[in-house]
Amino acid sequence: MSQEQRQAGLASELSRASGPQFECLADFVREFIARSCARRVDGRTRVWSARWWDSPEAVLRLGGLWQAWEELKDVPGGASLWFRDHADYHLGVLFSPDGPFEASPDVRESTSRRGDDLPCTPPPPGHKVSRRR
């Protein structure tokens, strides 16, 4: 069994033992991504949409990040692995001017200063990103 397979198995065991940290994707984005991955977003060189849940690609990417976080959060070094193997890549795509938010109508208003939380508009009631696990 390889080191990666052992780590994946351990991550899976630990996440089942401790349970999920976030109940839904909307909570993960609002409480974790928007706070811990806050960047200067100017709407030109780095973009974000407060209505991230309107983009199918963003929902898939953020959902993948959530799933990976829940698997790695309790593993020693898991946060580092999560950033290196998952977040750095997907957040780069999400923040890219030609990424999934390129055509979002609110991209010019969805700006933030470095250190500020990323703007997040709550999804409409019943939206799939608000459904609990």
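In this predicted model, Arg46 is partly exposed, with a relative accessible area of 28%. The residue sits in the loop that joins α2 and α3. When residues up to four places away in sequence are not counted, Arg46 touches Arg39, Arg40, Val41 and Phe95.

With its neighbours within four places in sequence left aside, Ser55 is in contact with Pro100 and Phe101. For Ser55 and Pro100, which are 45 residues apart along the chain, the separation of the C-alpha atoms is 6.6 Å.

Helix α2 comprises 12 residues. From its first C-alpha to its last, α2 reaches 15 Å, close to the 16 Å expected at 1.5 Å a residue. The buried residues in α2 are Leu25, Ala26, Asp27, Phe28, Val29, Phe32, Ile33 and Ala34. The elements that cover these buried residues include α3 and α4.

Helix α3 has 17 residues and spans 24 Å between its first and last C-alpha atoms, close to the expected 24 Å at 1.5 Å a residue. Buried positions in α3 are Ala58, Val59, Arg61, Leu62, Leu65, Trp66, Ala68, Trp69, Glu70 and Leu72. The charged residues Arg61 and Glu70 are thus listed among the buried ones.

The packing of the helices was examined next. The axes of α2 and α3 come within 10 Å and cross at roughly 75°. With this angle, α2 is roughly perpendicular to α3, because crossing angles of 65 to 115 degrees fall in that class. On the α2 side, the contact is made by Leu25, Phe28, Val29, Phe32 and Ile33, and on the α3 side by Val59, Leu62, Gly63, Leu65, Trp66 and Trp69. Sorted by class, this contact has 10 nonpolar residues, 1 polar residue and no charged residues.

The axes of α3 and α4 are 10 Å apart, and these helices pack at an angle of about 175°. Helices α3 and α4 are therefore roughly antiparallel to each other, a class that holds for angles over 145 degrees. From α3, the residues in the contact are Glu57, Ala58, Arg61, Leu62, Leu65, Ala68, Trp69 and Leu72. From α4, they are Gly78, Ala79, Leu81, Trp82, His86, Ala87, Tyr89, His90, Leu91, Val93 and Leu94. The residues of this contact divide into 14 nonpolar, 3 polar and 2 charged.

Aromatic rings were then considered. A pair of aromatic rings is described by the distance of the centres and the angle of the planes. Rings pair if their centres lie within 6.5 Å, and by this rule the count comes to 9 aromatic pairs. One of these is formed by Phe28 and Phe32, with 5.5 Å from centre to centre and 25° between the planes. The pair is classed as stacked because its planes are under 30 degrees apart. Phe28 and Phe32 are 4 residues apart in helix α2 (residues 25-36), so about one helical turn separates them. Phe28, at 0% relative accessibility, counts as buried. Phe32 counts as buried at 13% relative accessibility.

The rings of Trp69 and Trp82 have their centres 5.3 Å apart and their planes at 75°, so this pair is edge-to-face. Trp69 lies in helix α3 (residues 56-72) and Trp82 in helix α4 (residues 78-95), so the pair ties together parts that are 13 residues apart in sequence. Both Trp69 and Trp82 are buried. The residues of the two pairs described here belong to one aromatic cluster, formed by Phe22, Phe28, Phe32, Trp69, Trp82 and Phe83.

How values were computed. Residues numbered from 1 in each chain as written. Predicted model: local features only at pLDDT ≥ 70, side-chain atom pairs only at ≥ 80, totals over all residues. Heavy atoms only, no water. Phe/Tyr/Trp six-rings, centres within 6.5 Å; stacked < 30°, edge-to-face > 60°. Helix = DSSP H or I, 4+ residues; strand = E, 2+ residues; numbered from the N terminus. Buried < 20%, exposed > 50% of the residue type's maximum accessible area, 1.4 Å probe, protein only. Expected span 1.5 Å × (residues − 1). Contact = heavy atoms within 4.5 Å. Axes fitted to C-alpha atoms, helices over the stretch in contact; angles between N-to-C directions. Parallel < 35°, antiparallel > 145°, perpendicular 65-115°, else oblique.
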